Amino acid sequence: MRKLFLPLAAVAAAMFAYAPVGIAKVPYESTMLLVQKIFYFHFATWMAVTASVLVCGVASAIYLFKGTAAADHYAVASAELTTVFCTFGLVSGSLWGRKAWGVWWQWDARLTMAFMLEMVFLGYLLVRKYGGPGAEKLAAAMGIFGAATAPFIYKSVDWWRTVHPQTTVMKTLGDKFPAAWNLVWFCSAAFLVLFVVLLAARVQLEQLRAELDRAYLAAEE
Amino acid sequence: MFLKVAILVLKKDLAIEARSREILYTTLFFAISCLLIFSVAFVKEGVPAEDAASGILWIALTFSGTLALGRTFERERYGETLRALLMAPASRPAIYVGKLLGMVLLMLATEAVLLPLVSFLFRAPLFARPLLLAALLVLGTVGFASVGTLFAAMLVRTRTRDVLLPILLYPITVPVIIAGVRGTSALVQAPPDEAVATLWIGLLTGFDVVFVTLALWTFEPLMTE
């Protein structure tokens with residue numbers, strides 16, 4: 001992970017440098033025009049959230065059952081990143097919603113569930129901070145349950161009639177506007193690389209913190 | 001064997017509760033005080049807001065349920081009996097199931113009193129489709145209590161358990177509460193929309209399966225020191 005950090009950071013920087021150019025070049029969507037362009041980053045953010053929630057859920061399960069310290073570092077790092085990307089996704093969605101639906105916020109299924117996800121992972125961080133000794137395990141349970149609700153969030157728009165576009169929107173986009181479709185996945189890849197870079201940095205920080213804790217304990221003895 | 005242990009734990013909890021009735025009475029009292037508070041927000045000029053009853057019912061339930069969850073495990077901690085329970089040569093998931101059943105029964109007892117009261121005070125025809133409503137309530141209670149029992153059990157050892165329980169429990173159980181409220185409002189409206197209520201019952205079943213499976217799976221490692 002440490003060796004890959006610099007190359008991946010360079011790749012992320014290059015991708016994010018190109019992304020605005022690509023977004024500017026791609027033709028306007030017929031009904032929403034300029035406003036629709038926020039979609040490229042909005043969708044990509046939620047792809048990063050998905051990856052982050054997945055990593056947190058798997059790492060939490062490994063930590064809970066095997067007790068591997070490294071898994072716990074990945075879990076806390078990805079939980080923090082989930083809240084960061086989730087906040088960005090909610091904000092970008094809110095900005096888009098203001099133009100597309102005329103309101104900043106709509107209590108619709110997808111939005112409510114996304115808000116819930118943000119609260120779950122903020123709860124995760126609160127437990128870790130204020131749970132006292134053994135809080136890592138409690139947080140791991142939170143991570144597993146949070147990850148288990150993610151599929152429900154994804155499918156929520158198909159089950160409940162809402163204003164948010166359904167999951168089939170990506171298929172129609174692929175059929176009708178291949179340029180936009182490619183760009184969406186390019187941006188998603190950029191966000192995923194950024195996620196990996198940030199995760200690597202945060203995991204390393206967590207390892208150092210754990211090492212420092214051990215050193216303090218050893219010095220006291 | 002599994003079922004036997006679960007029923008033994010349930011019997012033990014019910015016997016303690018039958019003697020003191022502490023949790024049942026306090027939970028019930030709290031649920032009814034919630035109704036009083038909601039009347040401030042949802043009644044205008046003596047007339048309750050349309051469609052408020054289902055939300056009031058479910059929020060009173062979740063709030064009072066949280067109180068009960070905290071108390072059942074506080075009692076175990078106070079009597080130093082949780083460790084004894086965990087040291088018993090019984091499978092941990094069976095202990096969890098016993099605790100969960102006790103919790104569900106307690107919440108259903110609260111619902112039995114709360115339901116007619118909400119129907120009476122907020123003029124809601126809650127008993128128009130009794131079977132569908134019962135299904136919603138039972139499935140919703142199981143979903144809420146399954147996560148709640150697990151979290152309350154694992155929080156017993158932390159100092160800040162009173163604060164952390166609602167913090168952890170509410171975000172995770174939001175889907176269950178949404179399904180309960182939407183399903184109940186579909187039944188309360190005139191005419192009752194059975195198709196929508198059935199859809200929510202299906203979703204609740206899905207949540208219950210996921211939550212109970214996860215809880216059974218994680219209870220053992222979570223309760224090991």
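Predicted model: local features only at pLDDT ≥ 70, side-chain atom pairs only at ≥ 80, totals over all residues.

**Helix packing in chain B**

Reply: Happy to. Let's begin with the contact between two helices of chain B: P175(B), V176(B), A179(B), R182(B), G183(B), A186(B) and L187(B) from α7(B) meet V196(B), A197(B), W200(B), I201(B), L203(B), L204(B) and F207(B) from α8(B). Sorted by class, the residues of this contact comprise 12 nonpolar, one polar and one charged.

Chain B has a mean pLDDT of 90, with 100% of its residues at 70 or more. The model as a whole scores ipTM 0.86 and pTM 0.89.

Now for the geometry. Two packed helices are described by the angle between their axes and the distance between the axes. Helix α7 of chain B covers residues 161-188 and helix α8 of chain B covers residues 194-223; their axes come within 8 Å and cross at roughly 160°. Because angles over 145 degrees count as roughly antiparallel, α7(B) is roughly antiparallel to α8(B). The handedness of this crossing is left-handed.

Helix α1 of chain B, residues 2-20, and helix α5 of chain B, residues 92-121, have axes that come within 7 Å and cross at roughly 40°. That angle makes α1(B) oblique to α5(B). For α1(B) and α5(B), the crossing is right-handed.

Which residues meet there? On the α1(B) side they are F2(B), V5(B), A6(B), I7(B), L8(B), V9(B), L10(B), D13(B) and L14(B). Facing them in α5(B) are A94(B), I95(B), V97(B), G98(B), K99(B), L101(B) and G102(B). The contact of α1(B) with α5(B) has 12 nonpolar, two polar and two charged residues.

Finally, a word on where chain B meets its partner. There, 21 residues of chain B are in contact with 24 residues of chain A. On the chain A side, the elements giving two or more residues are α2 (39-66), α4 (109-130) and α5 (135-159) of chain A. Of these, α5(A) gives the most, with 11 residues. The side of chain A that touches chain B has 17 nonpolar, six polar and one charged residues.

Note on methods:
Residues numbered from 1 in each chain as written. Chains lettered and ligands numbered in written order. Axes fitted to C-alpha atoms, helices over the stretch in contact; angles between N-to-C directions. Helix = DSSP H or I, 4+ residues; strand = E, 2+ residues; numbered from the N terminus. Parallel < 35°, antiparallel > 145°, perpendicular 65-115°, else oblique. Left-handed = near helix turned anticlockwise from the far one by under 90°. Contact = placed C-beta atoms within 7 Å. Nonpolar A, V, L, I, M, F, W, Y, C, P; charged D, E, K, R; others polar. pLDDT = per-residue confidence, 0-100.
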